[in-house]
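Subject: Structure handover

Hi,

Here is the structure we talked about. Please open it alongside this note; my findings follow below.

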Amino acid sequence: MKRSGTLTTPVTGLLIIVLLMGMEITKAQSFFRQTGIQLLTKQEGLSNNTLTEIHQDKDGFLWLGTDVGLSRYDGIHFHNYNSADKEPYSITGIYETSDKMLWSRIANMNRLSCFNKMKGCYMSLLSSTPEVLTDILDLCVTKDKIYAITSQGVAELKTEYETDEVSITPNLLPNIKGIPFKFYGCDNNLYILTRENKLILYNLTEKKSESLDCAELGITNAEDICNIHIYNNYLWICSHNNGVTCYDTTTKATRKLNKSTPIVQDACIRDIIQADDTTFVMASGTSLALIKFENKDYPQIRN
């Protein structure tokens, strides 16, 4: 489960782009050893040096969220796209649907944004409940369906397309308790963080939820969580101050990977991706690290 390469806080100054073109997760180990790094700034054509998001599409292009809108990088040139009304668009989250639309949340306005890749323009958004367009606290896409957190709760956003317009109809999801503020999607599940310091595992087919107390997972504040993935029936919860929490969804066993663990050098873990059953690439506040476990029973092993 990933949030399109989410950077939870803006990266200001030089943009460090790890060259992802053509990378496959199964080749992450080789990629880690061999990839070069480029420093790219406004001098090379980037619209702004403050970045909030990175997304690689299926064609290999990098789409970058900045505090003034979207930028596309083809490996040589940048193509920058601001909104039609010329207002700065601070893009948080970039999610692509099968119709070649890029969906984002505009953080400085709490608005929804839809960008048409084929036409190279933003789509006009309409809704019979227009407040949903300006009340977006978080956004994610899973199984090609769009979900949003608003002040009313978590909703699926149904879409109908016209030539240059998209009509949005929100449908609130039932059986979600608490005040949600951030979530992640993976296959048939949403992982929802609430103000009550809960992590809700929500099944989209059954419309049922399971609530976990973040404190019992060793996370004192749900706002510290910056990414959640599920690999091999384990939840991998990355946080700013608590390293990684590995939670077995079957046995309910939990293991912390933090600075007291030899393989982890930083308490601030931004993201983690799986290379194979026992190998992961971990992005922290200070480095990119290759993590190798002895076996798949992650909560049981000792390094």
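A nonpolar core here is a set of buried Ala, Val, Leu, Ile, Met, Phe, Trp, Tyr and Cys residues joined through side-chain atoms within 4.5 Å. Buried means under 20% relative accessible area, exposed over 50%, and partly exposed in between (1.4 Å probe, protein chains only).

Two notes on the source. This is a predicted model, where local features need pLDDT of at least 70 and side-chain atom pairs count only at pLDDT 80 or more, while totals for chains, interfaces and linings use all residues. Residues are numbered from 1 along each chain as its sequence is written, and side-chain values use heavy atoms, with hydrogens and water left out.

Cores first. The largest nonpolar core has 28 residues. W103, L112, L139, L157, I168, F183 and L190 have the most contacts inside it. Strands are DSSP E runs of at least two residues, numbered from the N terminus. Strands that each supply at least two residues of this core include β8, β9, β12 (138–142) and β14 (153–161). β13 gives the most, with four residues. A second, separate core has 17 residues, among them Y191, L193, L212 and I237.

Next, salt bridges (a side-chain nitrogen of Lys or Arg within 4 Å of a carboxyl oxygen of Asp or Glu). The whole structure has nine. Two of them involve D59.

- D59 pairs with K100, the closest N and O atoms being 3.9 Å apart. D59 sits in the loop between β3 (51–56) and β4 (62–66), and K100 in the loop between β7 (91–96) and β8 (101–106), 41 residues apart. K100 is partly exposed, at 28% relative accessible area.
- D59 also pairs with K117, at 4.0 Å between the closest N and O atoms. K117 lies in the loop between β9 (111–116) and β10 (121–122), 58 residues from D59. K117 is buried, at 14%.

K158 and E156 form another salt bridge, with 3.3 Å between the closest N and O atoms. K158 is partly exposed at 39%, whereas E156 is buried at 12%. Shared partners join D57, D59, E96, K100 and K117 into one salt-bridge network.

Last, cysteines. C121 is partly exposed, at 26% relative accessibility. C214 is buried, with a relative accessible area of 0%.

Best wishes
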